[in-house]
Every structure is written in C-alpha cells, then in structure tokens.
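Let's take a walk through a protein chain and see how its pieces sit against each other. Keep the picture in view as you read.

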Amino acid sequence: MPPPGLLHAGLWLSRAMSQCVLEPRPPGKRWLVAGLGNPGLPGTRHSVGMAVLGQLARRLGVAESWARDRRCVADLALASLGDAQLVLLRPRRLMNANGRSVARAAELFGLTAEEVYLVHDELDKPLGKLALKLGGSARGHNGVRSCITCLNSSAMPRLRVGIGRPPHPDAVQAHVLGRFSSAEQELLPPLLERATDLLLDHIRQRSQGPFSGT
C-alpha cells in the first residue's frame, strides 16, 4: 500500500488527466519536471534528460505510474515530495518540438515558466558533470529553444547533464544521437543518482519559501 500522500496525489492526477478542467490542486507547491529527448531513442546521449526522469520516478516511487496524455502528447507521472507535487513529463514529440508538450502541460497544470524544470544534455560539459542554472539562453540546444519559444520565456530552471563534445565539429550530430559507449554506460548510474539528488534538493529548497540564486 503506497503512503497516503502518494495515494492521494495519484488519485488526483488520475482525475485531473481525465478532465479538460483541472480540479483544485492539493495544498502545497507544484512543479513540472520535463526530461527533454527523442521518444523511442532511449540510451542515446541526446535523451539523457529522459533517463534522469526515469531515475527520478524510481526514487519517488512512481516508476510504474506513467500515463500517456494525448493533450500534452507526453507521458506524465505525479509524485509527492513533502507538501509539494511534482508533475514528471517525458515528451512524445521529437526534441525540436519538445516545447509544445512542455508548454501544454504547464498550461493544464497552471504553472509559470519559473515552475518548470528542464533536464537536458549539454555538449559543453564532460560526461559526469552537472550544472543547475536559472534561466538564460538555449545555448544552441534545440529542445531548450523549443521550450523558450512555446513558453514565451527563458526563465525555466535547467539541469544540464554533460555528454561531452567530440573533437571534430562534423561528428557532433552522430555523437549526440549515438548511444553511450560501454565505458560511458558504467558512469551513468551514479550520474543519474547525483542528477536526481541535485533536482530534489533544489526543488525542496524552493518549495520552502522565497528563493533566489542557483
């Protein structure tokens, strides 16, 4: 039997996702966490944001609770984090159109851009490095650019997960769309754990009251 808070949140999500107008939210802060990537391409560097969302769902006990939402064209799961609610989202659109799914979910759940976390790959950081920043430009990332365009804001907090940049510019596309090597795959489990820790710590801190800084 799941904890009462998680059970209540799950029942609320089930009702909310089946209705065009959402019921009043349970008490507490709500956040949307979106893992950017390409559906159907798990294990690729470009979809590492979705891998982080998978680990986050396992940590929060909702790994079996993903449900397809046709309005967002995404898979959604809802989890409790103390008094806060987390809406986890994995777009079912290609990376360049991820923002359409994210923006629609933000609209449905009544969230501002500042309440939407983006988790995505970062070429300019080596594998194993993480950085969480508040807002800023897309830095050449098409998924982030799509989110900025569709949300009409660049204020979203972003967890950037390093995948490393190949030495030759011509190899970037193949590198991004390729799967992690065997050696890299050994680094992934602890990386996903640290990414989850960083996200949850940041969200807990912001849920407690006014927040500033990174």
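## Where H3 meets H4

The crossing of H3 and H4 is right-handed. On the H3 side, the contact is made by Asn98, Gly99, Arg100, Val102, Ala103 and Ala106, and on the H4 side by Ser146, Cys147, Cys150 and Leu151. Sort the residues of this contact by type and you get six nonpolar, three polar and one charged.

Bear in mind that this is a predicted model. In it, H3 covers residues 98-108 and H4 covers residues 142-151. Their axes come within 7 Å and cross at roughly 40°. That angle makes H3 oblique to H4.

## H3, a helix on the inside

If you want to find them, look for Asn98, Gly99, Ser101, Val102, Ala103, Ala105, Ala106 and Leu108.

What do the buried residues of H3 pack against? Their partners are H4 and the strands S1 (30-35), S2, S3 (74-81), S4 (84-91) and S5. Just after H3 comes glycine 110, which takes a positive phi of about 70°.

Now switch to H2 and to H6, which runs over residues 182-207. The axes of these two helices come within 9 Å and cross at roughly 70°. That makes H2 roughly perpendicular to H6. Which hand does the crossing of H2 and H6 have, left or right? This crossing is right-handed.

From H2, the residues Ala51, Val52, Gln55, Leu56 and Arg59 take part. They meet Leu192, Glu193, Ala195, Thr196, Asp197, Leu199 and Leu200 in H6. By type, the contact of H2 with H6 divides into seven nonpolar, two polar and three charged residues.

Here's a handy bit of background for looking at helix contacts. An α-helix has 3.6 residues a turn, so residues three or four places apart point the same way.

Is histidine 120 buried or exposed? Its relative accessibility is 3%, so histidine 120 counts as buried. Leave aside its neighbours within four places in sequence, and histidine 120 is in contact with Leu36, Val48, Gly49, His141, Val144, Arg158, Leu159, Arg160 and Val161.

Next, look for glutamate 64, in the loop between helix H2 (48-59) and strand S2 (67-69). With 78% relative accessibility, glutamate 64 counts as exposed. Alanine 77 is 13 residues away from glutamate 64 in sequence, and their C-alpha atoms are 8.7 Å apart in space.

## Stepping back

What does the secondary structure of the chain come to? There are six helices and seven strands. Follow the chain along its sequence and the pattern reads α-β-α-β-β-β-α-β-β-α-β-α-α.

The chain has 214 residues, and 51% of them count as buried. Take the contacts with a separation of 6 or more: residues 24 or more positions apart account for 70% of them.

Definitions and conventions:
Residues are numbered from 1 along each chain as its sequence is written. This is a predicted model: local features need pLDDT of at least 70, side-chain atom pairs count only at pLDDT 80 or more; totals for chains, interfaces and linings use all residues. Side-chain values use heavy atoms; hydrogens and water are left out. Axes are lines fitted to C-alpha atoms, for helices over the stretch in contact, and angles run from 0 to 180 degrees between N-to-C directions. Helices (H or I, at least four residues) and strands (E, at least two) are DSSP runs, numbered from the N terminus. Angles under 35 degrees count as roughly parallel, over 145 as roughly antiparallel, 65 to 115 as roughly perpendicular and the rest as oblique. A crossing is left-handed if the near helix is turned anticlockwise from the far one by less than a right angle, and right-handed if clockwise. Contact means heavy atoms within 4.5 Å. Ala, Val, Leu, Ile, Met, Phe, Trp, Tyr, Cys and Pro count as nonpolar, Asp, Glu, Lys and Arg as charged, and the others, Gly among them, as polar. Buried means under 20% relative accessible area, exposed over 50%, partly exposed in between (1.4 Å probe, protein chains only).
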